[in-house]
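Reader: Please take me through the features of this structure one at a time. For each, give me the general idea and then the case at hand.

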Amino acid sequence: MSAAQNKIVRVEPATITWHRALAVVAIATTALAATCCGSAALTTAPPAHAADANYQLIQEPDAGYAPIIGLISGAARSVRMTMYELTDPAAVHALIDDHNRGVDTRVILDAAFHGRKTNAGTFQQLTDAGVAVRWAPNGVIYHQKTITVDDATAAVGTGNLEPQYYSTSRDAWVLDTNPADVAAIAATFDTDYTSPPSGRPPEATPAPNLIWSPMARASFLQHIDQATRSIDLTNQELKDRAVLSALDKAASRGVQCRIVMTENPAWTKAVAEVSAAGCSVHLFQNTESGLYIHEKMLLTDNDSLIIGSQNLSTTSLIENRELSLALDTTIAPELISAVESTFDADYAAASVQ
């Protein structure tokens, strides 16, 4: 689910070059450092970006959302967006501008849970402007957060495009230019966009570095079960029984297990269970101005990373439409190092349970 469901008063040119994207990130990061972060929870400034050959990290809230809006605005031929919650006027206006410039612009918005209520204004605005926007099937939660531009770059995110949460929500986006990943994400969008409702998302197009929901649980369990030294985990939710059992077993066999979340009574029992098994859980208080852990990240043995939209709930892993990237240090060493650095900073800043 989105951060909106748990944080106080929340309801839940042709190709973008790395040089241009990094420049945007640098500008956004400089602006953020100069203007925000009065809260103690936000004083630590881990790396806001890191780039490998095909993967670039945009770490929120440190980087800001200018790189994401810039990706949309820079489209020359096509934009495909699947988004759980879209209320950012800058993103909406960028989509409309793309359409007005003749860019093939198509959008899928979630309609399940509270998605239709949250996205109704945006849906109407895009429709009125002539943008091709469709509701995802009402009976299926489309929690995926992706933006594919010119069949060349796919932004895969952990967060939604809701500006009221940008300054405090720990999230991440990965700009992915791996051709196999991008082609599979685009193909799955096309299937989702054209398929009639069936009560379940259509079959996604596979690729080696993609983890799709439904049926993502096995990949998460495999990563946890194969860990030999360490597990570092951030997530908004922690309640899938199979994942909890896998974490318990990992800690019991001597794997260092560290978890960072935002406190929530819904996960109290799960936190107590994994703590008893040997995991070290650190929690941020759920406040208006403090850092809110919305990022969904699993790093094992400082080598293998899952990052994307899946929460550690049964619904998210085996029912929703979701997407995460599965990366390792052979293809994304700088990105994984940056993710690890951010995790270490958050772990140190949060309270021990």
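**Strands, rings and core**

Author: Serine 213 stands opposite glutamate 322 in β16. Strands here are DSSP runs of E with at least two residues, helices are runs of H or I with at least four, and both are numbered from the N terminus. Two strands pair if DSSP finds at least two bridges between them. This is a predicted model, in which local features need pLDDT of at least 70 and side-chain atom pairs pLDDT 80 or more, while totals for chains, interfaces and linings use all residues. Residues are numbered from 1 along each chain as its sequence is written, and side-chain values use heavy atoms, leaving out hydrogens and water.

Reader: Which strand does β16 join in the antiparallel sense over 5 bridges?

Author: That partner is β15 (residues 304-308), and within the pairing isoleucine 306 faces alanine 326 of β16. Strand β9 (residues 210-213) also runs antiparallel to β16, joined by 4 bridges.

Reader: What is the strand order in the open sheet?

Author: The sheet has 8 strands in the order β9-β16-β15-β14-β10-β11-β12-β17, and its pairing is mixed. Its edges are β9 and β17 (351-352), each of which pairs on one side only. A parallel case is β10 (residues 230-234) with β11 (residues 256-262), which share 5 bridges; there leucine 233 stands opposite isoleucine 259 in β11. Across the whole protein the secondary structure comes to 10 helices and 17 strands.

Reader: How many residues of strand β16 are buried?

Author: Buried means under 20% relative accessible area, exposed means over 50%, and partly exposed is in between, with a 1.4 Å probe and protein chains only. In β16 (residues 322-328), 6 of the 7 residues are buried, so the strand is mostly covered by that definition. For the protein as a whole, 59% of its 353 residues count as buried.

Reader: Which residues touch the most other members of the largest nonpolar core?

Author: A nonpolar core is a set of buried Ala, Val, Leu, Ile, Met, Phe, Trp, Tyr and Cys residues joined through side-chain atoms within 4.5 Å. The largest one here has 33 residues, and Leu57, Leu210, Leu305, Ile307, Leu325 and Leu335 touch the most other members. Helix α10 gives the most to this core, with 6 residues. Contact means heavy atoms within 4.5 Å. Leaving aside residues up to four places away in sequence, leucine 57 touches several others, including Trp173, Val174, Leu335, Ala338 and Val339.

Reader: How many aromatic pairs does a search of the whole structure find?

Author: Rings of Phe, Tyr and Trp (its six-membered ring) pair if their centres lie within 6.5 Å; planes under 30 degrees apart count as stacked, over 60 as edge-to-face, and the rest as tilted. The search finds 4 such pairs. One of them is stacked, tyrosine 65 with tyrosine 166, at 3.7 Å centre to centre and 5° between the planes. Tyrosine 65 is in the loop between β2 (55-60) and α2 (66-73), and tyrosine 166 in the loop between β7 (153-157) and β8 (169-176), so the pair ties together parts 101 residues apart in sequence. Both tyrosine 65 and tyrosine 166 are buried. Phenylalanine 343 and tyrosine 347 are also stacked, at 6.0 Å centre to centre with 20° between the planes. These two lie in helix α10 (residues 333-349), 4 residues apart, about one turn of the helix. Phenylalanine 343 is buried at 2% relative accessible area, and tyrosine 347 is buried at 15%.

Reader: Which residue lies over the face of tyrosine 347?

Author: A charge sits over a ring if NZ of Lys or CZ of Arg is within 6 Å of the ring centre and within 35 degrees of the ring normal. Arginine 258 takes that place over tyrosine 347, at 4.8 Å from the ring centre. Likewise, arginine 116 lies over the face of tryptophan 135, at 4.5 Å.

Reader: Where does the backbone have a cis peptide bond at proline 214, and what of proline 61?

Author: Serine 213 and proline 214 are joined by a cis bond with omega of about 10°, and proline 214 lies in the loop between β9 and α6 (217-225). The bond from glutamate 60 to proline 61 is cis too, with omega near 5°; proline 61 is in the loop between β2 and α2.

Reader: Is phenylalanine 113 buried or exposed?

Author: Phenylalanine 113 is exposed, with a relative accessible area of 54%. Its phi is positive, about 55°, although it is not a glycine. Aspartate 301 likewise has a positive phi of about 55°, but counts as buried at 11% relative accessibility.
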